[in-house]
Amino acid sequence: MANCVVAGINWGDEGKGRMVDLLSEDYDVAVRFQGGGNAGHTVINRYGTFALHLLPSGIFRPGVVNILGNGVAVDPENLWSEMQGVMKQGVSLSPENLKISDRASLLLPWHRQLDVLEEQRLADKKYGSTKQGIAPFYSDKYQKKTILAGELFYPDTLKVHLADLLEWKNLILTQVYGAQPYTMEMLEAWIEESCEKIKPFICDTGAFLRHAQAEGKNILFEAQLGSLRDLDYGIYPYTTSSNTTAAYAPVGSGLPSAKITDVIGVVKAYSTCVGEGPFVCEMFGNAADTLREAGGEYGAKTGRPRRVGPLDIVATRYGVEVQAATEIALTKLDVLSCMEKIPVCTHYLLCGEKTDRFPFPAALKDAQPVIEYRDGWKCDISGVRRFEDLPREAQAYVAYIEEQIGCPITYISVGPERDSIIIRKSYSL
Ligand code: GDP
């Protein structure tokens, strides 16, 4: 029995989806435990290219049961359209291989609108939201003002509950933001057109997971975003509104008794960051453009160009600690083939002092990166499948990162496709 979490170590977009797609071959269940449709997990396999927003990335493996846990922001409209898209590309979905927790809260139609309205109100102080309604959703969840997916099975109760929420939310929409109110008819249409479509997939996933655990099944937990976006441990307030850390997996999945056996932290071979907030190691100019182009660093959900920089050892070491990572998957090593010398941010300069500790969020804006250069390899490594076949400089780069972050790198990806991977499974530091 294994309970393994795949989690992002940095700002997200590290390549968690491709890792879950690969690893799920050895698992019985894949569970998404937090977040919503605000980021995309890109997966390239024999079915094609996918940007999964809500569906767990184990969905392509026959025999794997995929679960959206209670910690997820389930947006019925977007989920249904994603399900249709995936099915069109030849992937079968049924209540057998996709289960939505009856305890997951539903992202309501006004959440996306409120996200847009609040970012507009903030103007140049905006958070850089993807405007998928995630912050308003989680605020409402913690105020106990959303509805649970399972309430769709209790239409009378649901109607009363929705009417109460409608009355309250219209006060905010009209009086705070001067927006148009919602009507009960609009909510009824939303239930009919979106919620009813996903209803057959809603069930008591907690009971399913407990049963799977009792039978000794292998469970893979898939996180969204990364350590630095965690609500409690990230760069607040430039975080997401949920916990992206592996420690939250048991709670957000519906299996609070799960003992996590492995945490595979996913680290990109360089840094990227979408949206606003401090990004100490950010690169600008031609060097940044070259790296962005080489890595195809444009958001899967929004198409926004990602901010790029060298690998940030300070932030990565902190991310490893926060995730309690037991091993690392280092992704996109092939992208660095474009560089003569590879920059690495080894320390921060704060108030004239060199530090290797990740500072308190408010201090980050004054931090300056200390950059060192490692030797590049300047050749195509995308066909390499064994560590010892990598150029000497690439092996040295990997060994250097391991030493700095104190965690073994057991997977190295050299291309976006499922099999573009070097596996060092029996390897330990
Ligand atoms: P996630 O949200 O953590 O799953 O990451 P994203 O899917 O947002 O971003 C990762 C991007 O890098 C996707 O476009 C992947 O197809 C791509 N990718 C993943 N691994 C590799 C790799 O080893 N090499 C290259 N060139 N691209 C990769």
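About 500 Å³ of space lies in the second largest pocket of this structure, and I would like to begin there, while reminding everyone that what we are looking at is a predicted model. If you follow me on the screen, this second largest pocket is lined by 28 residues, and the ones nearest its centre are Gly15, Thr42, Arg306, Lys332 and Pro416. Two or more lining residues come from each of α1 (16-23), β3 (41-45) and α9 (285-295), and among the elements it is β3 that gives the most, with 4 residues. When we sort the lining of the second largest pocket by class, we find 9 nonpolar, 11 polar and 8 charged residues.

Let me turn now to the largest pocket, which holds about 930 Å³ of space. Its lining has 44 residues, and Ser129, Ala135, Thr239, Thr240 and Ser241 are the closest to its centre. Here the elements that supply two or more residues are α3 (109-122), α4 (134-142) and α5, with α4 giving the most, namely 7 residues. By class, the lining of the largest pocket divides into 20 nonpolar, 13 polar and 11 charged residues.

Next, the helices themselves. Two packed helices are described by the angle between their axes and by the distance between those axes. How do α3 and α4 pack against each other? Their angle is about 120 degrees and their axes are 7 Å apart, which makes α3 oblique to α4, and the crossing of the two is right-handed. On the α3 side the contact is made by Trp110, His111, Leu114 and Asp115, while α4 brings Ile134, Pro136, Phe137 and Asp140. In the contact of α3 with α4 there are 5 nonpolar residues, 1 polar residue and 2 charged residues.

The second pair I want to show is helix α5, residues 155-176, and helix α6, residues 184-198, which pack at an angle of about 130 degrees with their axes 10 Å apart. These two helices, α5 and α6, are therefore oblique to each other, and the crossing of α5 and α6 is right-handed.

Definitions and conventions. Residues are numbered from 1 along each chain as its sequence is written. This is a predicted model: local features need pLDDT of at least 70, side-chain atom pairs count only at pLDDT 80 or more; totals for chains, interfaces and linings use all residues. Side-chain values use heavy atoms; hydrogens and water are left out. Axes are lines fitted to C-alpha atoms, for helices over the stretch in contact, and angles run from 0 to 180 degrees between N-to-C directions. Angles under 35 degrees count as roughly parallel, over 145 as roughly antiparallel, 65 to 115 as roughly perpendicular and the rest as oblique. A crossing is left-handed if the near helix is turned anticlockwise from the far one by less than a right angle, and right-handed if clockwise. On a 1 Å grid over the protein atoms alone, a cavity is a set of points where a 1.4 Å probe fits but cannot get out, and a pocket is an open set with protein on both sides within 12 Å along at least five of seven lines; lining residues have an atom within 4 Å of a point. Grid points are joined across faces, edges and corners, and a volume is the space filled by probe spheres set on the points. Ala, Val, Leu, Ile, Met, Phe, Trp, Tyr, Cys and Pro count as nonpolar, Asp, Glu, Lys and Arg as charged, and the others, Gly among them, as polar. Contact means heavy atoms within 4.5 Å.
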